[in-house]
Amino acid sequence: MTKAKSNYIIFGLFIGFSLVSLLINFEFGISIWNNFLVFAKDMILILPPAFVLIGLFDVWAKNETIEKHFGKTSSPLRFIWSILLASTTVGGTFVAFPVANALFHKGAKLSSIFTYVTSASLFMIPMTIMEASMLGIKFSAVRLISSIPFIIGGSILLEKVFEKTNYKLPVLDKNS
Amino acid sequence: MISLYIVTAVALVVSFFFDPTKTKNGLKKGFMKFSKTLPSYLKLLMLISLILLVSEDLIITYLGQENVFLGLVSSLVLGAITMMPGFIAYPLARILLNRGVPYMVITGFVTSLMLVGFVTYPLEKQYLGKKATILRNLMSFTVAGLIAIVSGIVYKEVLF
């Protein structure tokens, strides 16, 4: 808790620094503030609805369903489900981390989790369209197609490492 | 973005219609997770704002160097430690391409930028735990390198 508090204090100092920069026209401070706004705008818009959906997912999604598609009882098709789910996750990894955590506690295997989180940053549909229009379709196609086997392979490998230690992801809503 | 709100609204209404108490519980859980990690999100935002400020010049200098191998390594490293939105990253990549930087180096940069999250570490750690975060990022870094090499082969920039 104290750590969280110190983070809020740092944030307060940051806001103060930015305000002063704006007042005295301190260019360095203003540039940081402008960068901050670029990211903050997205986060403020995306995070609240995302966490509402994650909460609803928590109470409605049945463990068996998740296990069947992402967990022990699933087929290798789970990698395709993970990638598809990732490409439809709005907000990239910022949202994918909490979703991955929820999926794990519903019984998803670690290899599904790693595939999901890793591809969430790679297969964002609007970003990919932008990339293809600026750097060429061939560029994006090579990049994305070649990444699929590497990501799945890497995720399976990581799962092997973690299986021995019975690794568990942190629990975030303890009093439930 | 609007679709996210529509989906959320529909899900809420449907959920509430079927089971109001469950819905309330869900909202409570969602809020609890959100408030627990909000400080990490804020920290992340501050870090990114600062890094973004110094990274652009570094990227142009280091990625454009003569030695392709060194260019690739610096593209992977710089991609890993920085983070920028697509509307800054892609025009930057376009500039590099026009300056004659090989596709391999640009692929390495773009992929490492997305896959490896040095600054997202405090956030990822909260959801996946320390060990998984570190190993997943190491794996991603390797994958980014491999993808860059594949693209180098496709564009005939490296020959084996």
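Which domains does the domain assignment of chain A give? The assignment gives domain 1 (1-46) and domain 2 (61-176). The C-alpha centres of these two domains of chain A lie 31 Å apart.

The model is predicted. It scores ipTM 0.88 and pTM 0.89. For chain B, the mean pLDDT is 90. In that chain, 99% of residues reach 70 or more. Confidence in chain B is lowest in helix 2 (residues 20-63), where the mean is 88. It is highest in helix 7 (residues 130-154) of chain B, at 95.

The interface between the chains was examined next. Chain A contributes 71 residues to the contact, and chain B contributes 75 residues. About 6900 Å² is buried between chain A and chain B. Carbon and sulfur atoms give 78% of that area. On the chain A side, the residues that lose the most area to chain B are A:F39, A:F97 and A:L172. Together they account for 10% of what that side buries.

Within chain A, helix 2 (residues 27-60) packs with helix 5 (residues 93-105). Their axes come within 10 Å and cross at roughly 10°. Angles under 35 degrees count as roughly parallel. Helix 2 of chain A is therefore roughly parallel to helix 5 of chain A. From helix 2 of chain A, the contact draws on A:M43, A:I46, A:L47, A:A50, A:F51, A:I54, A:F57 and A:D58. Helix 5 of chain A supplies A:F94, A:V95, A:P98, A:V99, A:A102 and A:L103. By class, this contact of helix 2 with helix 5 in chain A has 13 nonpolar residues, no polar residues and 1 charged residue.

Helix 2 of chain B packs with helix 3 (residues 68-81) of chain B at an angle of about 170°. The axes of these two helices are 10 Å apart. Angles over 145 degrees count as roughly antiparallel. Helix 2 of chain B is therefore roughly antiparallel to helix 3 of chain B. On the helix 2 side, the contact residues are B:I51, B:L58, B:I59, B:Y62 and B:L63. They meet B:G71, B:S74, B:S75, B:L78 and B:I81 in helix 3 of chain B. By class, the contact of helix 2 with helix 3 in chain B has 7 nonpolar, 3 polar and no charged residues.

Note on methods. Residues are numbered from 1 along each chain as its sequence is written. Chains are lettered from A and ligands numbered from 1 in the order in which they are written. This is a predicted model: local features need pLDDT of at least 70, side-chain atom pairs count only at pLDDT 80 or more; totals for chains, interfaces and linings use all residues. Side-chain values use heavy atoms; hydrogens and water are left out. pLDDT is the predictor's confidence in each residue, from 0 to 100. Helices (H or I, at least four residues) and strands (E, at least two) are DSSP runs, numbered from the N terminus. Domain bounds come from an automatic or database domain assignment. Axes are lines fitted to C-alpha atoms, for helices over the stretch in contact, and angles run from 0 to 180 degrees between N-to-C directions. Angles under 35 degrees count as roughly parallel, over 145 as roughly antiparallel, 65 to 115 as roughly perpendicular and the rest as oblique. Contact means heavy atoms within 4.5 Å. Ala, Val, Leu, Ile, Met, Phe, Trp, Tyr, Cys and Pro count as nonpolar, Asp, Glu, Lys and Arg as charged, and the others, Gly among them, as polar. Buried area is the accessible area (1.4 Å probe) that two parts lose on being put together, summed over both.
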